[in-house]
Amino acid sequence: MLVLHDYFRSSAGYRVRIALNLKGVDHVRHEVPLLENAQRSPEHLARNPQGLVPALEANGMVLTQSLAILDWLDARHPEPRLIPAAPDARAAALARAMVVGMDVHPINNLRVMRYLEQQLGADAAARSAWTAHWMTEGFTALEAMARALPHGGPFLGGEAPDVSDCFLVPQLFNARRFSVPLDGFPLLLRAEAAALAHPAFAAAHPDRVAPGA
């Protein structure tokens with residue numbers, strides 16, 4: 001049985017929950033309360049020296065980094081495939097995912113927000129403006145990439161979700177938490193609506209896995 005060490009509102013953890021659900025892979029969750037700094041505990045640092053979530057215990061090893069975990073899941077559980085096999089489609093899907101996973105999320109996560117507040121003295125308004133700026137910039141690029149897709153959707157992956165949908169949906173959830181305007185991104189919202197109607201995405205939603213839910 002796989003064990004997912006996760007926090008219910010972690011974007012990266014949310015991506016992995018979606019992927020596990022899409023592939024129907026049995027697993028159990030272990031909640032790592034980030035606001036209590038449980039990710040910095042000796043127990044968790046032994047799993048993931050970065051002190052981040054998610055961490056997936058599998059086959060006697062611990063996998064970290066959400067994109068690496070999704071790639072491993074594709075290799076171990078090929079259907080449904082999330083990262084296309086064809087080189088051109090693979091590169092395009094990974095590029096879409098990386099807009100979120102490498103350019104938007106890393107500079108808006110909890111540890112960055114804490115640094116802005118505690119080390120740089122940024123107040124709540126400044127931190128919100130920071131978050132909204134980088135999310136909006138990323139979504140603007142991703143919307144343009146969606147317009148250029150050769151298929152008719154509804155997902156970024158076409159008729160079925162791919163890795164970029166797994167990354168998009170959690171980031172839009174975060175955007176709403178920070179009141180980021182989203183009306184200018186109709187294709188992203190269309191993909192999100194299709195995803196949230198899918199049982200695998202619905203079951204992974206933070207409201208469904210929150211402690212006490």
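**Helix packing and cores**

Tutor: The cover over the buried residues of α3 includes β1 (2–6), α1 (11–23), β3 (55–58), β4 (61–64) and α7 (163–177). This is a predicted model, where local features need pLDDT of at least 70, side-chain atom pairs count only at pLDDT 80 or more, and totals for chains, interfaces and linings use all residues. Residues are numbered from 1 along each chain as its sequence is written, and side-chain values use heavy atoms, leaving out hydrogens and water.

Student: Which residues of helix α3 are buried?
Tutor: In α3 (residues 66–76) they are S66, I69, L70, W72, L73 and D74. Buried means under 20% relative accessible area with a 1.4 Å probe, protein chains only.

Student: Why are α4 and α7 called roughly parallel?
Tutor: The axes of α4 (residues 87–104) and α7 cross at roughly 30° and come within 7 Å. Angles under 35 degrees count as roughly parallel, so α4 and α7 are roughly parallel to each other.

Student: What makes the contact between them?
Tutor: Contact means heavy atoms within 4.5 Å. From α4 come A93, L94, R96, A97, V100, G101 and V104, and from α7 V163, S164, F167 and Q171.

Student: What makes a set of residues a nonpolar core?
Tutor: Its members are buried Ala, Val, Leu, Ile, Met, Phe, Trp, Tyr and Cys residues joined through side-chain atoms within 4.5 Å. The largest one here has 49 residues, and L70, F139, L168 and L188 have the most contacts inside it. Helix α7 gives the most to this core, with eight residues.

Terms used: Buried means under 20% relative accessible area, exposed over 50%, partly exposed in between (1.4 Å probe, protein chains only). Helices (H or I, at least four residues) and strands (E, at least two) are DSSP runs, numbered from the N terminus. Axes are lines fitted to C-alpha atoms, for helices over the stretch in contact, and angles run from 0 to 180 degrees between N-to-C directions. Angles under 35 degrees count as roughly parallel, over 145 as roughly antiparallel, 65 to 115 as roughly perpendicular and the rest as oblique.
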